[in-house]
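Hello,

Here is the structure we talked about. Please open it alongside this message, and then read on for what turned up.

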Amino acid sequence: MPEPTKKEDGQPEVWSLGDGQPPEDIDKQVENPPLSTLLIEKPQGGSISVGGDITFIAKVEAKDLLRKPAIKWFKGKWMDLASKTGKHLQLKESFDRFTKVMICIHTFEMHIIKAKENYAGNYRCEVTYKDKFDSCSFDLEVKGFSEGQDDAGELDFSGLLKHREPKQEEVPEVDVWEILKNARPDEYEKIAFMYGITDLRGLLRRLKKTKKEEKKSEAFAKKLEPAYQVDKGGKIRLVVDMADPTVDLKWYKNGQEIRPTPKFIFEHKGTQRILVINNCQMNDDAAYSVVAGDEKSSTELFVKVLPVKIVKELEPVNTTVNERIELECEVSEEGAQVKWLKNGVEVPTGVRSRYRVKSEGTKHWLIIDDAMKEDTGTYSLMATGGTSEARVQVDLKPLKILQDLQDVTVLLGQPLKLHCEILPGNVPGRWYRNGQLIQSSERITILHRANCTLHDSGDYTFVPEGYSQSLCAKVHIIDPPKVHLEALNAPDNTVTVVAGNKLRLEIPISGEPAPRVVWMKGERVSGTIDRVRAETFSDHTCLTIDVTEREDTGNYKIVLQNEAGEDTASVKVKVVDIPDAPGAPLVPTVGGDWCSMTWDPPYYDGGSPILGYFIERKKKQSSRWMRLNFDLCKETTFEPKKMIEGVPYEVRIFAVNAIGVSKPSEPSKPFVPLAVTSEPTMLVVDDVTDTTVTMKWRPPDTIGAAGLDGYQVEYCLEGSGCCSANQSEECGRADQSKHWWILANKELTEKTKYTITGLTREAKILVRVKAINAAGPSAPRTTQHSILVKEVIEPPKIRIPRHLKQTYMRKVGEVVNLVVPFLGKPRPKVNWLKDGQPIDPTQINIRNSDCDSIIFIRKAERKHSGKYDMTVQVENHVDTAVLDIQIVDLPGPPQCVRIEEVWGENVALDWTPPKDNGNAPITGYTIQKADKKTMEWYTCVEHYHRTCITISDLVVGNEYFFRIFSENMVGLSESATITKDSAVIVKEGMNLKNPEYIDYDFTEPPKFTQPLINTFAIAGYNTTLNCSVRANPRPKVIWMKNKIMILDDPRYRMFSNQGVCTLEIRKPSPFDGGVYTCKAINDLGEAQVDCKLEVKGQ
């Protein structure tokens, strides 16, 4: 524990533990909380030697406290010791419960360990609970330590050897403030933990203020100390050292300026300014400050009060009731504050209190004018310097009984009189019957009520006030037994109870002495089973059935007997219950999202009519039932709706009567709501032969959760009596004519196409189709007109795909697989020719079907190129089509590559196109060069279109060879043609004569190199029109439809790239058909091409 700061004379000036109330805050007025008595045992002052231990104890009774009270320990006026706990100071608290005397006590302890001289002083303990407050001051005296004192007395060396503790090195005291001032802020918490400081926040606030005061003062060379202490009646000097002696000073006490008086004396000694305070009293305990110009120095003065000692002790008193008691005590100081206590509790001395307190000088009295027996106890006077106790005994005066009470036996309704006499006669008393207060009167003789009742029977007692003696007598009243059924308030004495509830029949009875009660049901005595109990009390009898059952219904008889007579009565008990569960419901009909259900009423209605039923349902895989009706269903049928199709459900029933809801019935068998599909759509004739009719249709618009198992096809012969062509719809819906329809497929078909076989040639039939699922057949879809069973010739028609209308190109080695659809009935004959010659089946595979023909080449070769003629024939009807297949390969190398001329750093090359173009146009050339020294080839130009070129930027002095690859749509030729001669780039100094060239005129009017071709398009699919034009300068391209220019139409997009002109028509319709024209115009002329576009529906 840090040492207190000391003056020059060696006396402790201020306690240096903790961060209490700063001197600047003392000027604030603190309102005293309301006083109340909380402490039942207060800490007492004590004396110890230096290095000794002492404990101060405070106790608070928890009788009226809902929670633990708050306690604070202080040294002096403002130093809170809660943050100073550590090696020398410990605070403890505990809670004790004494169950025998029903008392709970909070105990608070303050332990001072190894006390030092500067620990001496005045301490204070404050207890607070809500608006209650109590405090107590006590003193600690620390006696000086003399050398050799520890050696006094006999030493037990054996005990020292046994219990020797390791010697601890004394830790030198450190100044925590200096450490905190010199430390970094991030080290504050570590320092506080190291030195046992718990109130770190308070330390930081005080340190912050201390650091602010470190600013060097310009007016004061030395300011006032933080605090001073002086004994009451003593003298104190407050000294400041001035930096400038000429500055005027003003002294203040609690903010009020101090004027020179005999009590306050101002002294000047050089640069020192001194305030002398004589005869210090408690009102001098305040905050003082001195002001010099704009600067201020403050301090705190603590006045130590000397303990008040007992001079004359209290004397014990023995007296009787109604006498006067005076307790007198004398103390060492006039006007001292003392406390009177009785049995350790402070004596109330208010205006309405029986206790009066008087004091004259050093004498103090406690006066009780009219003594009572309750005033007996131990009285004590407590002063700051000691306590005096005395025993006060108050006894009663002796009581003499002249006539005692006598026992009385009386009939019901007769007068009752009790009489007794005692001495002294002026003693008041109280009458009791069976321990209950009846009446209070100053008379000894009391006349009771004229006509006695059963309630008057019992033990009567008269107790004189203030005495332990009492007078007793017994009164006994006899009355015949009687049952009072009118208290039930039940019609016809019938009690109705719900089964399962507890029945308690309390029937008042009368009779004195108490009659014997027997409950009977029929000839059997009730109360013989565990759940049925019969109990009898003084004024009523009770039949209790813990859990009523249906078997408890019946008449119950009550029999009363005593010595005065007998009485009987009957009570009818009716037990009502919830009804039994209904039978499991049946679900006879199921729809798409509904069903119909029926059930039987419960076998037993619970003794109350059935009011209705609740219906619940749940999904089979779920455990959650859902209520379907919130209003009771009066019938035994119900139709649930809004179910999910295809999900299994279960339903159950609850029966309801006035008592409640029955248990649920057994769930119904699981059922699945399913709906038939809608009728098939778009039923049309697909094919007709002499003996078969093929029908096709589309699936129903609505299928449902039951899915679609298949289709059932039926037909009816026209003229068979069931229907005609004009009555097909009515025939399809007539139930009575179903037997005229012939089932075409014995097993359901999953396809939407079916061929009816075994028909008679030239017969007329009607066909209908039904969709079948788990819910049954749908409504039929019937043909609107009768179908003639006779094969119809359909002329053949080849439908060439759009990509085959132009030249079909494939590389050598690729697969050729072309499908060409066609129409025609009966099955057409298909024939293929290549360039007018039959196709070799070993080279090309042809596969034909009813509706298409496939030409397949597994590995294409150049010999497979050519014109393929396809002929489709049905009897005398023929249709033809031509397919142009071109198989392309890599081209051969160019021919005759030669060096035309060499000049400067340039070489002019010339060559002829390759002999073999790979069956595809040559798209360009790749020219490479190689130095003769290394013969490493480098590409100079790629995708070059002309057959002559000038290679520039060659290295002077080098000799070059050149080679050229030809290129088509497949790629570069496998080999290249190399120049026979080399080109030598001569060095400077040699003259080269440049040849003269005549400029070539490249201008020409527009000319279409590829015209537009007639095109067939399918409605809804984008189509393009392409052509190519050559002209110089670049021509303006205009597109026209039916001679009308196309401008800003979002349905058309026009492109022109490298002379290729394209018109894209987005999703054409039949209205977009017509004659399209592409027109090219420049300064030298114009040209145009036309084509016809035909748009067919899907």
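Is Asp284 buried or exposed? Asp284 counts as buried, at 1% relative accessibility. Please keep in mind that this is a predicted model.

**Salt bridges**

Asp284 has a charged partner. Lys263 forms a salt bridge with Asp284, and the closest N and O atoms are 2.7 Å apart. Lys263 sits in the loop between S16 and strand S17 (264–269), and Asp284 in the loop between S18 and strand S19 (287–292), so the pair ties together parts that are 21 residues apart in sequence. Lys263 is partly exposed, at 24% relative accessibility.

The count for the structure comes to 43 salt bridges. Here are some others.

- Glu549 and Arg531 meet through their side chains, at 3.3 Å from N to O. This pair links distant parts of the chain, 18 residues apart. Glu549 is in the loop between strand S44 (540–545) and strand S45 (554–562). Arg531 is in the loop between strand S42 (524–525) and strand S43 (532–536). Glu549 is partly exposed, at 35% relative accessibility.
- Arg768 pairs with Glu714 in a salt bridge, with the closest N and O atoms 2.6 Å apart. Arg768 lies in strand S58 (residues 764–773) and Glu714 in strand S55 (residues 710–717), 54 residues apart. Both Arg768 and Glu714 are buried.
- Arg324, Glu326, Arg356 and Asp369 are linked in a network of salt bridges.

**Nonpolar cores and aromatic rings**

The largest nonpolar core has 25 residues. Phe56, Trp73, Met110, Ile112, Tyr123 and Leu140 have the most contacts inside this core. Strands S5 (54–61), S9 (103–112), S10 (121–129) and S11 (132–143) each give it two or more residues.

Which residues does Phe56 touch, leaving aside those up to four places away in sequence? Among them are Pro43, Trp73, Phe108, Met110, Ile112, Phe138 and Leu140. There is also a second, separate core of 23 residues, which includes Val317, Val347, Ala390 and Val394.

A search of the whole structure finds 12 aromatic pairs. One of them joins Phe56 and Phe138: the pair is tilted, at 4.6 Å centre to centre, with 35 degrees between the planes. Phe56 is in strand S5 and Phe138 in strand S11, 82 residues apart. Both Phe56 and Phe138 are buried. Trp431 and Phe462 have their ring centres 5.2 Å apart and their planes at 50 degrees, so this pair is tilted. Trp431 lies in strand S34 (residues 429–433) and Phe462 in strand S37 (residues 458–464), 31 residues apart. Trp431 is buried, at 5% relative accessibility. Phe462 is buried as well, at 1%.

Phe56, Trp73, Tyr123 and Phe138 form one aromatic cluster. Charges sit over rings in two places I would point out. The charged end of Lys618 is over the ring of Trp625, 5.3 Å from its centre. The charged end of Arg847 is over the ring of Phe856, 5.7 Å from its centre.

**Strand S14**

In a regular strand the side chains alternate between the two faces of the sheet.

S14 has antiparallel pairing with strand S12 (residues 220–222) over two bridges. There, Met242 in S14 is the bridge partner of Phe220. S14 also pairs in the antiparallel sense with strand S18 (residues 272–277), over six bridges. Asp241 stands opposite Gln272 in S18.

**Backbone points**

Two cis peptide bonds deserve a look.

- Lys825 and Pro826 are joined by one, with omega about -15 degrees. Pro826 is in the loop between strand S64 (816–825) and strand S65 (829–834).
- Asn1032 and Pro1033 are joined by another, with omega about 5 degrees. Pro1033 is in the loop between strand S81 (1023–1032) and strand S82 (1036–1041).

Positive phi turns up too. Asn254 is not a glycine, yet its phi is about 55 degrees. Asn254 is in the loop between strand S15 (249–253) and strand S16 (256–257), and is partly exposed at 33% relative accessibility. Met682, also not a glycine, has a positive phi of about 50 degrees. Met682 lies in strand S53 (residues 681–688) and is exposed, at 53% relative accessibility.

Best wishes

Definitions and conventions. Residues are numbered from 1 along each chain as its sequence is written. This is a predicted model: local features need pLDDT of at least 70, side-chain atom pairs count only at pLDDT 80 or more; totals for chains, interfaces and linings use all residues. Side-chain values use heavy atoms; hydrogens and water are left out. Helices (H or I, at least four residues) and strands (E, at least two) are DSSP runs, numbered from the N terminus. Buried means under 20% relative accessible area, exposed over 50%, partly exposed in between (1.4 Å probe, protein chains only). Two strands pair if DSSP finds at least two bridges between them. A salt bridge is a side-chain nitrogen of Lys or Arg within 4 Å of a carboxyl oxygen of Asp or Glu. A nonpolar core is a set of buried Ala, Val, Leu, Ile, Met, Phe, Trp, Tyr and Cys residues joined through side-chain atoms within 4.5 Å. Contact means heavy atoms within 4.5 Å. Rings of Phe, Tyr and Trp (its six-membered ring) pair if their centres lie within 6.5 Å; planes under 30 degrees apart count as stacked, over 60 as edge-to-face and the rest as tilted. A charge sits over a ring if NZ of Lys or CZ of Arg is within 6 Å of the ring centre and within 35 degrees of the ring normal.
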